[in-house]
Amino acid sequence: MSLITNVMDHSLDDGYAEAAARKKAAGQGGLPKTLRARLGLAGGLVLAALVVTLGAAQARVAAPVVAKERQELIDRIDRETASADKLQGRVDTLRDEVSARQRQALEHSGGDAKAELVGILSGASAVRGPGVKLVVDDAKEAGTGGSGNPRETSGFSDTGRVRDRDMQRVVNGLWQSGAEAVAINGQRLTALSAIRAAGDAILVDNRPLVPPYTVLAVGDGQRLSRRFQDSADGLYLHALQDDYGIRTAISVESDLRLPAAPSVILRTAQPYVGKSAQPNAQKTEKGTS
């Protein structure tokens, strides 16, 4: 309490108080004494007031112009946004039309059984049947940020988080174990699908996924589950679970529904007959006697 009382009683530092007393005794404090000094001070005040007044007047004159330019920018943004939305709608329409024609081309590529098989393998057709449901999630305490969100850490250095290469191994293991069609969080995978990382997100065909990652694989459920868990990729997933706390759950399902891929690129290949396939030309050699 004594310190607080001292601060309240001596709000001005002793050194400053002493300096102010010396200036006052020497006649240096207060307003200027001479007429010339007073005129200079008055002139400075008038100049400062003039500058402030001119600035305020200029701001008042420029305010309508600035407001007009701001409104023009807002209108332009609205027009460009509407135009972009219109173009995006046209892109979606054209994409749907292309996908429909691709599926139509698949249907006319051969018999019904062949077209159905091609549609399933290419991802152009929706799939329904038995299979395996595999859920993969980050460790419970993996990379928890200040708000408790494990997605707020930078990078994938925390081994308690599922990485893109982990999902790549999971998907490849399912394909190798006999899966006929695979989807991750509703995203159907095709032969051209890519699973990669972009910052803190895992992308499937440039679409970000949010954990937990639900992988659906259509096939012989019991056999698919057994072969995957016994495969190198299944053992890798078990190691992640045991060593780093990655959470996994696999179950055999009797009825799974996988959507068609949003866009399918059709490519055809023709047999190529090169020089190596042509009969070798006869060669004659001249002998020496």
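Helices here (H or I, at least four residues) and strands (E, at least two) are DSSP runs, numbered from the N terminus. You're looking at a predicted model, where local features need pLDDT of at least 70, side-chain atom pairs count only at pLDDT 80 or more, and totals for chains, interfaces and linings use all residues. Residues are numbered from 1 along each chain as its sequence is written, and side-chain values use heavy atoms, with hydrogens and water left out.

**The nonpolar core**

- A nonpolar core is a set of buried Ala, Val, Leu, Ile, Met, Phe, Trp, Tyr and Cys residues joined through side-chain atoms within 4.5 Å.
- The largest one here has 24 residues, and Met 167 and Ile 184 have the most contacts inside it.
- At least two residues of this core come from each of these: strand S1 (127-137), helix H5 (164-176), strand S2 (181-184), strand S5 (201-204), strand S7 (213-218), helix H6 (221-230) and helix H7 (232-244).
- H5 gives the most to this core, with four residues.

**Salt bridges**

- Side chains of opposite charge can pair when their charged atoms come close.
- We call it a salt bridge when a side-chain nitrogen of Lys or Arg is within 4 Å of a carboxyl oxygen of Asp or Glu.
- By this rule the count comes to four salt bridges.
- One of them pairs Asp 137 with Arg 247, with the closest N and O atoms 3.2 Å apart.
- This pair ties together distant parts of the chain, 110 residues apart: Asp 137 sits in strand S1 and Arg 247 in strand S8 (residues 247-258).
- How covered up are these residues? Asp 137 counts as buried because its relative accessibility is 16%, given that buried means under 20% relative accessible area, exposed over 50%, and partly exposed in between (1.4 Å probe, protein chains only).
- Arg 247 is partly exposed, with a relative accessible area of 39%.
- Another salt bridge joins Asp 233 and Arg 169, whose closest N and O atoms are 3.0 Å apart.
- That one also links distant parts of the chain, with Asp 233 in helix H7 and Arg 169 in helix H5, 64 residues apart.
- Asp 233 is buried at 10% relative accessible area, while Arg 169 is partly exposed at 31%.
- Asp 166 bridges to Arg 163 too, with 3.3 Å between the closest N and O atoms.
- Asp 166 is buried, with a relative accessible area of 3%, and Arg 163 counts as buried at 13% relative accessibility.

**A negative patch**

- Glu 69, Glu 72, Asp 75 and Asp 78 form a negative surface patch.
- Patches are made of residues with over 30% relative accessible area and no salt bridge; like charges are joined within 9 Å, and nonpolar side chains (Val, Leu, Ile, Met, Phe, Trp, Tyr) within 5 Å.
- Lys and Arg count as positive and Asp and Glu as negative, while His and the chain ends are not counted.
- Asp 78 is placed in helix H3 (residues 35-107), and it counts as partly exposed because its relative accessibility is 47%.

- Asp 205 has a positive phi of about 55° although it isn't a glycine.
- Asp 205 lies in the loop between S5 and S6, and is partly exposed with a relative accessible area of 34%.
- Asn 206 isn't a glycine either, and has a positive phi of about 65°.
- Asn 206 counts as exposed, at 56% relative accessibility.
- A cis peptide bond, with omega about 0°, joins Pro 211 and Pro 212.
- Pro 212 lies in the loop between strand S6 (207-209) and S7.

Terms used
Areas by Shrake-Rupley, 256 points an atom, 1.4 Å probe, with all protein chains shown as cover. Charge placed at Lys NZ, Arg CZ, Asp CG, Glu CD.
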